[in-house]
Amino acid sequence: MTEGLVKQSIAELQDLVRCRCRDAYKVRGLHDPGCECDSADAVQVVADRIEELEAKLAKAVEGFEDLARLGNGDRYGNSLGNLIAQEYIAEITGGKDD
């Protein structure tokens, strides 16, 4: 599943840029050249945005699935709205039924 892979990748990236400032620099008021705090903050912003977009995508897919289930069309349930919703679902999910 792609979502799990994205979460794992973000976690690995967060580990790479974790804030590791050494106290020896801090107590002297110096910047630790190995400290990645700015990068860690940037990765967290990206991770939060991805999570927000995944939630919106899930809600959109749910809406299209609801629309596709309406089936107010011909005797086979094919209406223009139903067909469009099915096309969007396939495009968003890559044609997979998750």
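Mentor: A residue is called buried when its relative accessible area is under 20%. In this predicted model, buried residues account for 14% of the 98 residues in the chain. The accessible surface of the chain is about 7600 Å², and carbon and sulfur atoms contribute 55% of that area. As to secondary structure, the chain contains four helices and zero strands, in the order α-α-α-α along the sequence. Of the contacts between residues at least 6 apart in sequence, 37% link residues at least 24 apart.

Asp-32 is found in the loop that runs between helix H2 (23-26) and helix H3 (37-70). Its relative accessible area is 3%, and because the limit for a buried residue is under 20%, Asp-32 is classed as buried.

What is Asp-32 in contact with, leaving aside its neighbours within four places in sequence? The residues are Arg-20, Cys-21, Arg-22 and Tyr-25. For Arg-22 a specific distance can be given: a polar atom of the Asp-32 side chain lies 2.8 Å from the backbone nitrogen of Arg-22.

Tyr-25, also in contact with Asp-32, has a further partner. Arg-28 lies over the face of Tyr-25, at 5.9 Å from the ring centre. As for pairs between aromatic rings, with ring centres required to lie within 6.5 Å, the count is zero.

Technical notes
Residues numbered from 1 in each chain as written. Predicted model: local features only at pLDDT ≥ 70, side-chain atom pairs only at ≥ 80, totals over all residues. Heavy atoms only, no water. Phe/Tyr/Trp six-rings, centres within 6.5 Å; stacked < 30°, edge-to-face > 60°. Lys NZ or Arg CZ within 6 Å of the ring centre and 35° of its normal. Helix = DSSP H or I, 4+ residues; strand = E, 2+ residues; numbered from the N terminus. Buried < 20%, exposed > 50% of the residue type's maximum accessible area, 1.4 Å probe, protein only. Contact = heavy atoms within 4.5 Å. Areas by Shrake-Rupley, 256 points an atom, 1.4 Å probe, with all protein chains shown as cover. Polar contact = N/O pair within 3.5 Å; in protein donor to acceptor, adjacent residues only side chain to side chain.
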